Amino acid sequence: MKRALKILIWPLLLMSTSFVHPFYVSLIEIRHNEAEATAEISVRIFTDDLEQVLRKRTNTTIDLVNPKNKAAVEAELSKYIRQKIQLNIDGKPCQLEYLGYEVQKESVWSYWEVSQVKSMKSLQAECNLLYDFVNLQTNIFHVKKGEKEWSRKLDYPETRLLFSF
């Protein structure tokens, strides 16, 4: 009887550990705010994935939920995302201004802004966010301009998207 239980339970345990993190997805939301002449950007990443990639890059302990030195953690987070996401609006490279981050359940939302965006006729995104972590990564872009929304995704190893409005 014990042997039969072991035979039945062992495969279940193996299967359950393989589903600890079944997918690797990040979300990048970009909204053109015409009234403020800005592009507002939100980036959502699973906390454990982001912590692991930042630890690997810095060779230090990174805790986004309870950081010992929040300024140092924010510096590493903003440096990483700036290196992994580049935007061109209407053919002009954008400087992403880091506004901050917050942890919501199992993910981290970081917030960014690009100033002096009076119009947005096209948006080119170059993104390899978390590609240095896992080759199963997918980055989903949601872009909102006025009342319209567009969505596209980048699966590893794809890195470029172009939106025309």
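A residue is called buried when its relative accessible area is under 20%, exposed when over 50%, and partly exposed in between (1.4 Å probe, protein chains only). By this rule, 38% of the 165 residues of the protein chain are buried. The model is predicted: local features need pLDDT of at least 70, side-chain atom pairs count only at pLDDT 80 or more, and totals for chains, interfaces and linings use all residues. Residues are numbered from 1 along each chain as its sequence is written, and side-chain values use heavy atoms, without hydrogens and water.

The protein chain holds 3 helices and 10 strands. Helices (H or I, at least four residues) and strands (E, at least two) are DSSP runs, numbered from the N terminus.

Six strands form an open sheet in the order S5-S6-S2-S1-S8-S9, with mixed pairing. Strands S5 (97-104) and S9 (148-155) are the edges, each pairing on one side only. Two strands pair if DSSP finds at least two bridges between them. S5 and S6 (residues 107-115) run antiparallel over 7 bridges. In this pair, Gly 100 stands opposite Tyr 111 of S6.

Helix H2 packs on the sheet and touches S1 (24-33), S2 (38-46), S5 and S6. Its direction makes about 90° with that of S2. Angles run from 0 to 180 degrees between N-to-C directions; axes are lines fitted to C-alpha atoms, for helices over the stretch in contact.

Glu 51 lies in H2 (residues 47-58). It counts as buried because its relative accessibility is 11%. Contact means heavy atoms within 4.5 Å. Beyond its neighbours within four places in sequence, Glu 51 contacts Ile 62, Asp 63, Leu 64 and Val 65.
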